[in-house]
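Here's a quick briefing on a handful of residues worth a look.

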Amino acid sequence: MSETQFPCSTGRFSTTAGIGLNSQCLECAAGLYSTEESMIECVGQCSQGQYSSETGLVSNDQCLGRCAAGRYSSERGLTSECDSLCAAGQYSDQPFQTACKPCSAGKWLDKIGLTSDDQCKSCSTGRWSEQIGRTSDDE
């Protein structure tokens, strides 16, 4: 991370040496930010479970998008809504999740993108499993 000869403000960068105006600096791209001045690139990335479509961010706190319940993301630097839905046998009950939770023991789920352990189905009468994250009652 080298510095330019002109101090671009936070949230901006330049690869051109000797520029004379802050307005000649480029804004950090969506999903990226810069907490320091005089940078030649924006190296900060929105955290896992967050995103931003805005440019020129100066900190991770400005990555205001959060993965919705039923979705998750383990990627950094996202620019739009988290597109990964929780798999069968899993759910996400809160926004800002980086992984999904498995259905509890004694339950199963064959649908994707659900938002609560209450949506997981109980094992049929006479069946029980200690296994978590089951995707069918037949396993």
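What follows is a short tour by topic: ground rules, then serines, a glycine and backbone angles.

This is a predicted model, where local features need pLDDT of at least 70 and side-chain atom pairs count only at pLDDT 80 or more, while totals for chains, interfaces and linings use all residues. Residues are numbered from 1 along each chain as its sequence is written, and side-chain values use heavy atoms, with hydrogens and water left out.

**Ser 129**

- Ser 129 sits in the segment after β12 (121-122); strands are DSSP runs of E with at least two residues, numbered from the N terminus.
- Ser 129 is buried, at 11% relative accessible area (buried is under 20%, exposed over 50% and partly exposed in between, using a 1.4 Å probe and protein chains only).
- The side chain of Ser 129 makes a polar contact of 3.3 Å with the side chain of Arg 134 (a pair of N or O atoms within 3.5 Å; within protein, one must be able to donate a hydrogen and the other to accept it, and residues adjacent in sequence count only if both atoms are side-chain atoms).
- A polar atom of that Ser 129 side chain also lies 3.0 Å from the backbone nitrogen of Gln 131.
- Leaving out residues up to four places away in sequence, Ser 129 touches Ala 105, Gly 106, Cys 123 and Arg 134 (contact means heavy atoms within 4.5 Å).

**Ser 104**

- Look for Ser 104 in the loop between β10 (101-102) and β11 (107-108).
- Ser 104 is partly exposed, with 29% relative accessible area.
- Beyond four places in sequence, Ser 104 touches Asp 117, Gln 131 and Ile 132.
- Gly 77 is 27 residues from Ser 104 in sequence, and their C-alpha atoms are 32 Å apart.

**Gly 44**

- Gly 44 belongs to strand β4 (residues 44-45) and is buried, at 12% relative accessibility.
- Not counting residues up to four places away, Gly 44 touches Gly 31, Leu 32 and Tyr 33.
- Ser 74 is 30 residues along the chain from Gly 44, with 16 Å between the C-alpha atoms.

**Positive phi**

- Most residues other than glycine have a negative phi.
- Ser 38 has a positive phi, near 65°; this serine is in the loop between β3 (32-33) and β4 and is buried, at 8% relative accessibility.
- Phe 96 has a positive phi too, about 75°; Phe 96 is in the loop between β9 (90-91) and β10 and is partly exposed, at 40% relative accessibility.

Note on methods. Helices (H or I, at least four residues) and strands (E, at least two) are DSSP runs, numbered from the N terminus.
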